[in-house]
Amino acid sequence: SSDLVAHGESCYRVDSIYSPSTWNNSRRFCQNLGADLAVIKSEDEDQFVYDLLRNTRGSNNGWIGLYLKADNKFYWLDDRPAEGNYQRWDDGEPSGGMETCVHLRGGDFKGKWNDNHCSNTDSVAICQWPI
């Protein structure tokens, strides 16, 4: 598809068709394409994904594959902990509470991360495939 963009060792696609949705629905969208929500490992990758999101969806936020587990720590979908790896939280984030899914903030937020309610519907899917 022309929506697919390669960068580094992955291909990415930001959902350009559907309305913003929940984290689970966005994950299912990616899985139906044979992908999953993006796992971000570097500043370079975060910047690339932010640019792709902004160019595809303007100021929408995008769900990424980072979520809070029962041990109260954030993990990527490949089971790597956020702690000790590349992180780009926005100021004052993660703020906790019942916010257990993470989105990358579009628009003027420059790709910084925010923990959010998984049921929130202000973010679109950012999908990733290994090359």
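Two residues are in contact when they have heavy atoms within 4.5 Å. By that count, residues 24 or more positions apart account for 68% of the contacts in the chain with a separation of 6 or more. The model is predicted: local features need pLDDT of at least 70, side-chain atom pairs count only at pLDDT 80 or more, and totals for chains, interfaces and linings use all residues. Residues are numbered from 1 along each chain as its sequence is written, and side-chain values use heavy atoms, with hydrogens and water left out.

Start with the overall build. The chain has two helices and eight strands. Helices (H or I, at least four residues) and strands (E, at least two) are DSSP runs, numbered from the N terminus. Their order from the N terminus is β-β-α-β-α-β-β-β-β-β. The radius of gyration is 13 Å, close to the 14 Å of the globule rule for 131 residues, so the chain is as compact as a globular protein of that length. That radius is taken over C-alpha atoms, and the rule is 2.2 Å times the number of residues to the power 0.38. Along the principal axes, the C-alpha atoms fill a box of roughly 40 × 30 × 30 Å.

Next, the inside. Of the 131 residues, 49% are buried. Buried means under 20% relative accessible area, exposed over 50%, and partly exposed in between (1.4 Å probe, protein chains only).

Now look at the aromatic rings. The whole structure holds seven aromatic pairs. Rings of Phe, Tyr and Trp (its six-membered ring) pair if their centres lie within 6.5 Å; planes under 30 degrees apart count as stacked, over 60 as edge-to-face and the rest as tilted. Phe74 and Trp89 make a tilted pair, 5.0 Å centre to centre with 55° between the planes. Phe74 sits in strand β5 (residues 74-76), and Trp89 in the loop between β5 and β6 (101-104), 15 residues apart. Both Phe74 and Trp89 are buried.

Tyr86 and Trp113 pair edge-to-face, at 5.9 Å centre to centre and 85° between the planes. Tyr86 lies in the loop between β5 and β6 and Trp113 in strand β7, so this pair ties together parts that are 27 residues apart in sequence. Tyr86 and Trp113 are buried too. Phe74, Trp76, Tyr86, Trp89 and Trp113 form one aromatic cluster.

Finish at Asn114, in strand β7 (residues 113-116). Asn114 is buried, with a relative accessible area of 7%. Leaving aside residues up to four places away in sequence, Asn114 touches Trp89, Glu93, Cys101, Val102, His103 and Arg105.
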